[in-house]
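I opened a new page for this structure. My notes follow in the order in which I looked things up.

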Amino acid sequence: VGDVRGQGLMCGVEIVEDRDTGAEFDASKGVGPRIHAAGVERGMFSRVRGDVYCLAPPIVSTEAEIDRMVSILAESVEAVLGH
C-alpha cells in the first residue's frame with residue numbers, strides 16, 4: 001500500500017509495487033482488477049480505478065462490518081501479491 005486517502009468513510013487505497021519509491025505496477029499486470037476480483041470472491045463488491053481500490057461503505061455500517069471490509073481487502077491483496 002502506497003497511500004490511503006479519503007474523507008469520512010470513503011477512501012482510496014493505492015496499491016503500489018514499491019512503497020518506498022511509490023513506483024506503480026505496470027498496467028499490463030492488472031493488479032487492481034485482480035484484487036477487486038479476489039474481493040468479490042470473498043463477498044465484497046466495491047470499485048477500482050487502476051490500482052486504487054475504493055471503499056465507500058454506507059454510513060450505517062457497523063464497526064464489525066468495517067473491520068471485515070479491511071480484512072477482505074488485506075486478504076485480497078495477499079492473495080494477488082503474496083504479501
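**Ser46.** I began with Ser46 and asked: is Ser46 buried or exposed? The model is a predicted one, and I computed a relative accessible area of 14% for Ser46. Buried means under 20%, so I put Ser46 down as buried. I then looked up its place, which is the loop between H1 and strand S3 (47-49). Next I listed what Ser46 touches, leaving out residues up to four places away in sequence. The list reads His36, Tyr53, Cys54 and Leu55.

**Helix H1.** Which residues of H1 are buried? I found Val31, Gly32, Ile35, His36, Ala38 and Gly39. I looked down the axis of H1: these buried residues fall within an arc of 160°, so they line one face of the helix. I noted a general point beside this. An α-helix has 3.6 residues a turn, so residues three or four places apart point the same way. The cover over the buried residues of H1 includes S3, S4 and H2. After H1 comes Gly43, and I noted its positive phi, near 100°.

**Helix H2.** I checked the length of H2 (residues 63-81) next. With 19 residues at 1.5 Å a residue, H2 should span 27 Å. Its end C-alpha atoms are 27 Å apart, so the two values agree. I listed the buried residues of H2 as Met69, Ile72, Leu73, Ser76, Val77 and Val80. Down the axis of H2 they fall within an arc of 130°, so they too line one face. On the face turned away from the buried side, I found the exposed residues Glu63, Ala64 and Glu78. Just after H2, Gly82 takes a positive phi of about 80°.

**The largest pocket.** I looked for open space last. The largest pocket holds about 200 Å³. I counted 14 residues in its lining, and the closest to the centre are Cys11, Val13, Leu55, Val70 and Leu73. Which elements give two or more residues to this lining? They are S2 and H2. H2 gives the most, with six residues. I sorted the lining by type: 14 nonpolar, no polar and no charged.

Conventions: Residues numbered from 1 in each chain as written. Predicted model: local features only at pLDDT ≥ 70, side-chain atom pairs only at ≥ 80, totals over all residues. Heavy atoms only, no water. Helix = DSSP H or I, 4+ residues; strand = E, 2+ residues; numbered from the N terminus. Expected span 1.5 Å × (residues − 1). Buried < 20%, exposed > 50% of the residue type's maximum accessible area, 1.4 Å probe, protein only. Arc of directions from axis to C-beta. 1 Å grid on protein atoms, 1.4 Å probe; cavity = no way out; pocket = protein on both sides within 12 Å on 5 of 7 lines; lining within 4 Å. Points joined across faces, edges and corners; volume = space filled by probe spheres on them. Nonpolar A, V, L, I, M, F, W, Y, C, P; charged D, E, K, R; others polar. Contact = heavy atoms within 4.5 Å.
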